Structure formats: structure tokens, C-alpha cells
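Welcome, and please keep your viewer open beside this page. We will go from stop to stop, with something to select at each one.

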Amino acid sequence: MAAGSPIEQPQRIFSQLNALLRTVELYPPAHVRIVQAKQTLHGDMTAFLDAHQRLEYRFLGDLLLANDRILPRESVVYRNLLDVCQNERGIGLMTFTQGFELWELDALLEALGQGLVGSLESWAARTAVTHVTLTPPIEAGKQAGEVAARRAYYGSVEALREIESTVQRQAPLSGEHIGALRLLTSTILDQIVQTPGLTLRLASIKSYDEYTLYHSVNVAVISIGLGLVIGLPVAMIREIAMTGMLHDLGKIAVPVEIVQKPGPLTEDEWIVMRRHPALGAQVLSHLAGSNRLAMIVAFEHHRRFDMTGYPLSPRAGPQHIVSRLACVADVYDAMTSRRVYKGAVPSRQVCAYVREESGRIFDPRFIRILDHMVQWLSHHGEGEFIR
Ligand SMILES: [Fe+2]
Ligand SMILES: [Fe+2]
């Protein structure tokens, strides 16, 4: 069976699960309809997990997310199931991993269908499931912030998509385009200030197919995290986050075959790729208003701390401090993302790499800042930033 696209297949699997839950209520367990529905669901789930290793359904109030992507239609269609899971079954997250077996589906149906007498932990221990994990919902107070932040995250992806298609059509970018992005960036920032743990949760949202759009939002999110660890004023962090959103704008002029190439680039392809900082800066230079910092960062983010990167410009001075911050955020997201040609690297390894390349690619001052952000947020990210 085909694995399907990373978006369509989770939609189908969720609708199969919903239909199965209804069928189980109507027919005896050995009925052919139930047996067939289970096999179909299990087959599709296995195909998806073989291709993608993991499938997460997260319930956030009236939102359904599959692998951290909002499913707008399914959020409405399955509102009742979302409500039952969160409020009656105490489930906020279902995680399936590769190797999910048919009997584990029975255990899941028990937890979802009749509800459990004991806790989710005792259900997991009693049934001995290993390829499905059920986690309680996020506390109601925090949920609103989480939903607002995720909506703003996806809104930013949309806003960037709109900006890119405008530039591609060679139409001028308006203040409204940037204004919409600024508003969404502010929402993300406000939510991270209240719940710093959101930084790593939002930055873990990745897209295999639309890498550059999601990468841009992630660089903004990581820049916010770094800015808060440093203790910068919120107004300044907002400007820095905007530079993250726009740093790779020049990549729209690079052919998609090069941006998405499943392997190392040839020297000729690198020549084209290395144009993106200058192209991005050029697009941003036509914008009215205070976008000078975004222009500088777009131009400088690959120049490196020791100035051996690109674009080469003999007259340019040292990299701007915000470009150095963006460079750390950029590499952090690129390394923690799975690409066609490489797997995702754990965040601790990224910290080690930044330390290794300190003084060459990275400003040495950012080693401690990144370490602090990753370590602290991984353990205690729900409170306020400790400096
Ligand atoms: Fe770049
Ligand atoms: Fe980048």
C-alpha cells in the first residue's frame, strides 16, 4: 500500500479511526466490518510509519494537529471525538511509532472507546503496548497560548508563501505583506515570553516538502529564544525575529531543483545557491519602512564570523551582531531538520558543533547562549527565563 503524502495520509487514518470507533459500538467484535476496518487502518498506518517513522495526533481544544500540522477540515468534522478524547478520556496526544501491531489497535480502541478505569500509565503497563503512547492534554490555562502560538506559526508560513509568490510574480511587496508577517511574529513572541518552553516545541515543527518556508519561521522562533536568553528588550527581539522570517527570501530565485536537491550540490549549483543572500537583500531594499536590519541579515547570514563565507565583499566590515545570532539560529534549524540527503541531528549535537566551529563560523559568545537555551528549555521550559 502506498505511504501517501505526509498530509493526506494522516487525514485518512484519522477518519478511519473515527469510523472504526463508531463501528465498534454497533457490531460484535468478530464482525467482518470491524475486522476489515481494523486491517485497513492498520495497513495504512504501517505504510505511513514505514515511510515517516512517527505519527502524532495532538488535540488542542478545537484543533487537531497531525505531526504538528493543523488539519483545519478534520478539526471541524471530528470536533466531537476531539472533545471526548480531551475531556472524557484524558488524552491530548496519541503517538504511533514504526512497528505498530494489530493487537495494539485493540488496546487503543479500549482506551478511546469505553474509557479507562485507571490512569493512562496503568493502561500502558497492563496492555504492554510499545508502539502507541497516550499523553494527557496540556493544562487548560496553557492551551490557549499553545493554540495561539501554533496558529500564528502556520499563519506566518502562509504570509511568507504569499510574500514569495508576490516576488515571483515580480509584483512589488507592500507594507501590508510585511505588516501581516510582523503581527504574526509578535503573537509568536508574546506567547514564547509567557511560555518559553514553546520555543523548542514550535521549532520542532518541520516540513519536508516546504522546507524553506518552515525553516524561515523556525529561524525566527529560535532567534526569539536566543534573544530572551540574552535578555534583550522585547521590541528588539521582535525586529530580530523579523530578520529570521526574511533571511532566506532570496531562495525564491534559486531553482527548486537546487533548493530541494537530494544530495550534495555541484560547484555550478553552488554558484547559483550562493546568490540567495544578495538577491534577498535586493528584494528587501525595495521595501519602504524600517527593514534595514532584515536586509543586512539576509545579506550577511552566510558570511561567517571569520568572514570566510559568502557573499565575498572586500569592502564589507565585520558581520553585524544580529547576523551572527541569525547564523546560529539558521544552523540550529538546518541541522535539526530531516532533509532528503540527511537525518535530523539531536539538539545537543548541534550545540557541540557550534562549540567546535566557534571563532570560525560562529561568534564564540553564542556558544553559551545556545547551550543555555537548549538545556534550560528542555528541562524547565514552562516557567520564566532564568538568566
Ligand atoms: Fe541562507
Ligand atoms: Fe537559512
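**Stop 1: a hairpin and its sheet**

Select strand β1 (residues 54–60) and strand β2 (residues 63–66): they run antiparallel and are joined by four bridges. Before we go on, this is a predicted model, in which local features need pLDDT of at least 70 and side-chain atom pairs count only at pLDDT 80 or more, while totals for chains, interfaces and linings use all residues. Residues are numbered from 1 along each chain as its sequence is written, and chains are lettered from A and ligands numbered from 1 in the order in which they are written.

Strands (E, at least two residues) and helices (H or I, at least four) are DSSP runs numbered from the N terminus, and two strands pair if DSSP finds at least two bridges between them.

Now show phenylalanine 59, whose bridge partner in β2 is leucine 64. Leucine 60 stands opposite leucine 63 in β2. Two residues lie between the strands of this hairpin, and glycine 61 takes a positive phi near 60°.

Which residue in β3 is the bridge partner of leucine 65? Show isoleucine 70 to see that partner. β2 and β3 pair in the antiparallel sense over two bridges. They too form a hairpin with two residues between them, where asparagine 67 in the turn has a positive phi of about 45°.

**Stop 2: two domains**

Colour domain 1 (8–137) and domain 2 (141–380) separately; domain bounds come from an automatic or database domain assignment. Their C-alpha centres lie 35 Å apart. Five residues of domain 1 are in contact with seven residues of domain 2, contact meaning C-beta atoms, placed from the backbone, within 7 Å.

**Stop 3: two packed helices**

Finally, select helix α11 (residues 234–246) and helix α15 (residues 292–300), which pack at an angle of about 45° with their axes 9 Å apart. Axes are lines fitted to C-alpha atoms, for helices over the stretch in contact, and angles run from 0 to 180 degrees between N-to-C directions. Show the side chains that make the contact: Glu239, Met242, Thr243 and Leu246 of α11, with Leu293, Ala294, Val297 and Ala298 of α15.

Notes
Two residues are in contact if their C-beta atoms, placed from the backbone, lie within 7 Å.
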